[in-house]
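Please consider the following structure, which is to be read from its overall make-up down to individual elements.

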Amino acid sequence: MTDLAGSIASRHREVNDTNAAISEFPNLQAMRERPAARKPLAYAQRKVIDAEGPVEITRPTNMFTLAHLSDVHISPLPPVAAKGLLGKRALGLLSWHLRRKRHHKMAVARAITDDIRASGANHVALTGDLINVATPGEFTQGLQWLEAFGPHDWITFVPGNHDAYVPVSWDEGLGHWAAYMTGDTQIPATAAQTRQAGAFPFIRQRRNIALIGLSTAFPAPFHQATGILGEAQLTRLAASLSELRKRGYCRVVLLHHPPLPGQARDRKALRDCADLAAVLHTEGAELVLHGHNHTEMFSRTPGPDGPVPVIGAPSASYLSADNNKVARWYLYAIRRAGGAWRINVTARRYDASKAEMITDRQFDLDAEYS
Ligand SMILES: [Fe+2]
Ligand SMILES: [Fe+2]
């Protein structure tokens, strides 16, 4: 039996286990009975598959599949009026044309979005930097790209620093994509604040999965790519995580910047990452997904129920000789089994030699901590 066939057979066996666990939902006590945190293995020990062909996912009815991609940096950049070419935006355009556009290829991004659609993922998380220097034409272009990719109730977007490159009003800028970042939760105590466009964090509820969208985007000073959450957003995040934890939801936190101290250089870092790490330490989360560094990143941070997995995707349009930076997307297969959330990760990498997507690794997040 091949590894993949073995994995599929094992998942079928687990359906019964999962069905039994789901039938308890929302029995909060049972859902909170998590195994104690165990010592993590080195990530180098993860299984590497390097399989060709489309991603193969068995789909028990109680499994939720979430695709994650980031940092599309759509191109070519639309024309910019001369009056819009002042200051930071002009230098950003120069940097794009001199350096960055060599690496970001929309054919690669198309391979990824086609692959995601073919996977039949239940939902998509897109963690920012859709565009480059926040010109009016880019916001229109971004909306067209999003609509071509999929409907707003299938894609959840959170903005990145390049989506707020310079000050632009909500209506003229990010508001174009509001439908992709508006909450729809019915959960009491979290609903009121998160169902308004432009309110962060917003929460989207898909079965017993809660997607929590944060904004770290703000017009950083010249030559900086920093992000910030701010006290109000952090306070609301803590309250939402607490409520969702009590209710037994699988909490998936989405943000653009890497969330932990030391994960990005000062010039590019989330300014209040220590505060965010403190919130995660107190309230926990089942998964934190981010982008921004344009490289694959696996980390974890302490939470109340054990380590919180923190995973960063490289740019979804990037071609590079550096394997960690090559465009990828990730499929998270989330299910409830044995009184705990189980998450299996499939990483899909763009193979430039074949101009197609391949599976380069698949592993259980649980196994990382066993
Ligand atoms: Fe980026
Ligand atoms: Fe970024």
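A residue counts as buried if 20 or more other C-beta atoms lie within 10 Å of its own, and as exposed if 12 or fewer do. This criterion is applied here to a predicted model.

With this criterion, helix H7 (residues 231-246) may be examined. The helix has 16 residues and reaches 23 Å from its first C-alpha to its last, close to the 22 Å expected at 1.5 Å a residue. Arg236, Leu237, Ser240, Leu241, Leu244 and Arg245 are the buried residues listed for H7. These residues lie on the same side of H7, because they cover an arc of only 160° around the axis. The face turned away from this buried side carries Glu231, Ala232 and Lys246, which are exposed. Just after H7, Gly248 takes a positive phi of about 80°.

The chain as a whole may now be described. Its secondary structure comprises nine helices and 13 strands, and buried residues account for 44% of its 370 residues. Of the contacts between residues at least 6 apart in sequence, 71% join residues at least 24 apart.

In soluble globular proteins, nonpolar side chains tend to be buried together. In this model, the largest nonpolar core has 86 residues, and those with the most contacts inside it are Ile112, Val252, Leu254 and Ile334. Strand E11 (residues 328-337) contributes the largest share of this core, six residues. Beyond its neighbours within four places in sequence, Val252 is in contact with Leu66, with Ile209, Ala210, Leu211 and Ile212, and with Glu286, Leu287 and Leu289.

An open sheet is formed by six strands in the order E5-E6-E7-E8-E10-E9, with mixed pairing. Strand E5 (202-206) and strand E9 (297-303) each have a single partner strand, so one side of each is left without a neighbour in the sheet. From one strand to the next, the twist averages 20°.

Met297 stands opposite Gly312 in E10. Helix H8 (residues 273-283) packs on the sheet and touches both E9 and E10, its direction making about 60° with that of E9.

E5, which also stands at an edge, pairs with strand E6 (residues 209-213) in the antiparallel sense over five bridges. Within this pairing, Ile212 in E6 is the bridge partner of Ile203. The two strands form a hairpin with two residues between them, and Arg207 in the turn has a positive phi of about 50°.

Key:
Residues numbered from 1 in each chain as written. Chains lettered and ligands numbered in written order. Predicted model: local features only at pLDDT ≥ 70, side-chain atom pairs only at ≥ 80, totals over all residues. Helix = DSSP H or I, 4+ residues; strand = E, 2+ residues; numbered from the N terminus. Contact = placed C-beta atoms within 7 Å. Core = buried A, V, L, I, M, F, W, Y, C linked by C-beta atoms within 7 Å. Pairing = 2+ DSSP bridges. Axes fitted to C-alpha atoms, helices over the stretch in contact; angles between N-to-C directions. Expected span 1.5 Å × (residues − 1). Arc of directions from axis to C-beta.
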